[in-house]
Amino acid sequence: MLGGYYTIASGMMVQQRKFEVLGNNMVNSQTPGFHAQRVVSSPFEQELVSRIEKGNTRTIGNANPITIVETVSTQFQSGDLKNTERSMDVAINGQGYYAIPGADGVTYLTRNGGFDVDQQGYLILPDVGRVQGANGPIQVGDTNFTVQDDGTVYNSQGQIAGTLQAVLPAEGTELTQYQSGLFGVAAGTQLEVQEETSFMQNYLELSNVNLNREYTMFMEAQSSFTACSTALQIIDQINQKSAAQIASL
């Protein structure tokens with residue numbers, strides 16, 4: 001009977017992790033450039049199931065009594081582009097991410113183009129850092145800058161301030177996902193510039209979260225969690241009744 005406890009408890013833990021991931025997706029449904037995540041579960045290990053009859057043992061198959069969370073995957077599909085009529089919003093039209101070096105030694109990657117300008121006149125993503133252009137941080141001076149399709153940035157005097165670029169880490173590079181749709185790689189990681197990608201000023205990429213789908217999956221996880229909880233109570237009642245009957249003998 002202890003095996004039943006382990007099986008049900010593992011199921012409840014998987015559903016609990018789904019709650020956390022799906023809830024985070026829904027919370028970030030309005031975060032520009034956010035990518036939804038999915039819980040991937042798998043059996044912990046396989047056990048042989050045997051039948052013993054009249055002294056003879058026969059293998060009848062395999063069983064997977066315990067399920068665990070194998071990984072949490074990211075859905076990298078791009079979100080829809082929205083016209084915001086805000087000149088500091090610049091969306092990536094194609095593959096790649098903006099690269100933003102952090103003071104903590106992490107290079108942050110994001111498709112969130114909701115930019116601003118700091119006190120020194122550099123183009124920044126608020127609360128993250130300065131946007132890395134083809135030749136380093138881009139100093140636009142003020143908010144009256146213009147971005148061409150190829151990423152060339154002109155300041156309010158019509159002078160070239162820098163060039164935006166979309167980059168991708170080399171294949172096999174490990175990405176760490178942070179809050180607000182940010183990904184991170186170690187400083188110095190090789191990043192490949194996406195030459196075919198264009199840029200759209202006054203546009204912002206929305207998250208790729210489909211709220212209807214997230215709500216449905218959340219309800220499915222909730223139903224599974226409730227079923228596991230009910231089954232756990234039934235097993236507990238059976239154990240209590242068995243113990244009481246044995247004690248009365």
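This is a predicted model: local features need pLDDT of at least 70, side-chain atom pairs count only at pLDDT 80 or more; totals for chains, interfaces and linings use all residues.
T110 belongs to strand β8, which covers residues 106–110. A polar atom of the T110 side chain lies 2.9 Å from the backbone nitrogen of N112. When neighbours within four places in sequence are set aside, the residues in contact with T110 are I92, Y97, Y98, I100, L125, G181 and L182.

One of the residues in contact with T110 is Y98. Y98 also forms an aromatic pair with F115, in an edge-to-face arrangement with 4.9 Å from centre to centre and 70° between the planes. Because Y98 lies in strand β7 (residues 98–101) and F115 in the loop between β8 and β9, the pair ties together parts that are 17 residues apart in sequence. Are Y98 and F115 buried or exposed? Y98 counts as buried, and F115 likewise counts as buried.

| Residue | Location | Relative accessible area |
|---|---|---|
| Y98 | strand β7 (residues 98–101) | 0% |
| F115 | loop between β8 and β9 | 0% |

The count of aromatic pairs comes to seven.

L125, another residue in contact with T110, is part of strand β10, which spans residues 123–125. In general, the strands of a sheet pair through backbone hydrogen bonds, and they may do so in a parallel or an antiparallel manner. Here, three strands form an open sheet in the order β9-β10-β11, and their pairing is antiparallel. Which strands stand at the edges of this sheet? The edge strands are β9 (116–117) and β11 (129–130), each of which pairs on one side only. Strand β9 is joined to β10 by two bridges. V117 is positioned opposite L123 of β10.

### The chain as a whole

The protein chain contains two helices and 22 strands. It has 249 residues, of which 36% count as buried. Of the contacts between residues at least 6 apart in sequence, 63% join residues at least 24 apart. The chain exposes about 14600 Å², and carbon and sulfur atoms supply 48% of that area.

How values were computed: Residues are numbered from 1 along each chain as its sequence is written. Side-chain values use heavy atoms; hydrogens and water are left out. Two strands pair if DSSP finds at least two bridges between them. Helices (H or I, at least four residues) and strands (E, at least two) are DSSP runs, numbered from the N terminus. Buried means under 20% relative accessible area, exposed over 50%, partly exposed in between (1.4 Å probe, protein chains only). Contact means heavy atoms within 4.5 Å. Accessible areas come from the Shrake-Rupley method with a 1.4 Å probe; for residues, only the protein chains shown count as cover. A polar contact is a pair of N or O atoms within 3.5 Å; within protein, one must be able to donate a hydrogen and the other to accept it, and residues adjacent in sequence count only if both atoms are side-chain atoms. Rings of Phe, Tyr and Trp (its six-membered ring) pair if their centres lie within 6.5 Å; planes under 30 degrees apart count as stacked, over 60 as edge-to-face and the rest as tilted.
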